[in-house]
Structure formats: C-alpha cells, structure tokens
Amino acid sequence: PTRFCTWDVAPRTLIRVKESRSNGAAFLHSTYVSTSSECERLCCDRIELRCDLAVYKTLSLLEELAEKTNCYLFECGTPSRCLFSSHPAFSSARCVGTKYEDDEVTSP
C-alpha cells in the first residue's frame with residue numbers, strides 16, 4: 001500500500017546519531033537525493049523499515065556534483081528515542097502522521 005506522511009520539519013537540526021542509537025533509535029539507510037522532499041518521500045516509502053525520521057544535508061556545489069550522501073533515514077519510535085543538536089547544514093523531518101491511500105490520518 002502507498003503511505004503518505006505528515007512531516008514536522010525542524011530546520012538547522014541534526015540527529016545526534018551515537019546518542020540516539022544508544023537510546024534505542026535505529027539507523028536505516030543513507031543515500032543521495034536532489035531535495036529534502038525526496039528524502040522525506042524515501043523515508044515514507046520505507047514502510048517495512050518503520051522509518052519516521054528523514055535527515056537532509058544541504059550540500060555544497062562540489063558535493064552536489066559528486067552526489068555525496070545527503071539523506072539519512074532513522075527509526076526513532078514513539079515516544080521518540082532520537083536526540084538532536086543545532087547544525088546549519090541539516091534539517092530533520094519527523095513523520096507525525098501517516099495515511100494509507102484512502103484511510104484516515106493516523107499516528108506513526
């Protein structure tokens with residue numbers, strides 16, 4: 001089934017990976033994408049992985065040309081086990097509601 005997510009985006013925010021994983025969060029996948037929306041869609045499409053956090057890094061022109069990894073997917077769970085810090089190059093989008101095709105919106 002197709003899943004649609006409602007996102008709560010925190011600009012200039014980066015997940016603290018080591019502390020979050022120690023707290024029970026799971027790193028799922030990383031890849032290159034063109035936009036933050038594409039990163040969010042990739043997370044939402046990963047139903048089997050229970051992805052609920054998409055972290056996107058704004059790349060420099062050289063990084064962009066090299067297609068460096070800039071999309072990181074996590075499962076934080078409910079309540080969230082992810083911890084965050086400020087960082088100007090990153091944004092973190094948390095899936096706060098899901099909808100499956102013609103269903104009503106539900107929490108993740």
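## Isoleucine 15 and the nonpolar cores

Leaving aside residues up to four places away in sequence, isoleucine 15 touches Ser20, Leu53, Val55, Phe74, Cys82, Leu83, Phe84 and Ser92, a contact being heavy atoms within 4.5 Å. The largest nonpolar core has 9 residues, namely Ile15, Ala25, Leu53, Val55, Phe74, Cys76, Cys82, Ala89 and Phe90. Strand 3 (53-57) and strand 5 (84-100) are the elements that give two or more residues to this core. A second, separate core of 8 residues includes Val33, Cys43, Ala54 and Cys71.

A nonpolar core here is a set of buried Ala, Val, Leu, Ile, Met, Phe, Trp, Tyr and Cys residues joined through side-chain atoms within 4.5 Å. Buried stands for under 20% relative accessible area, exposed for over 50%, and partly exposed for values in between, using a 1.4 Å probe and protein chains only. In soluble globular proteins, nonpolar side chains tend to be buried together.

## Basis of the description

The model is predicted, so that local features need pLDDT of at least 70 and side-chain atom pairs count only at pLDDT 80 or more, whereas totals for chains, interfaces and linings use all residues. Residues are numbered from 1 along each chain as its sequence is written, and side-chain values use heavy atoms, with hydrogens and water left out.

## Fold and overall dimensions

The protein chain has 3 helices and 5 strands, arranged along the sequence in the pattern β-α-β-α-β-α-β-β. These elements are DSSP runs numbered from the N terminus, with helices (H or I) of at least four residues and strands (E) of at least two. Among contacts with a separation of 6 or more, 71% join residues 24 or more positions apart.

The radius of gyration of the protein chain is 14 Å, which agrees with the value near 13 Å that a compact globule of 108 residues would have; the radius is taken over C-alpha atoms, and the globule rule is 2.2 Å times the number of residues to the power 0.38. Along its principal axes the C-alpha trace spans about 40 × 30 × 20 Å, and 32% of the 108 residues count as buried.

## Strand 1

Phenylalanine 4 lies in strand 1 and is partly exposed, with a relative accessible area of 46%. Not counting residues up to four places away in sequence, phenylalanine 4 touches Cys44, Gly97, Thr98, Lys99 and Glu101. Phenylalanine 4 and aspartate 45, although 41 residues apart in sequence, are 8.1 Å apart in space, C-alpha to C-alpha.

Arginine 12 also lies in strand 1 (residues 3-15), where its phi is near 55 degrees, a positive value in a residue other than glycine. Arginine 12 is exposed, its relative accessible area being 53%.

Glutamate 67 counts as exposed, at 52% relative accessibility.

Proline 79 belongs to the loop between strand 4 (71-75) and strand 5. The peptide bond that leads from threonine 78 to proline 79 is cis, with omega near 0 degrees.
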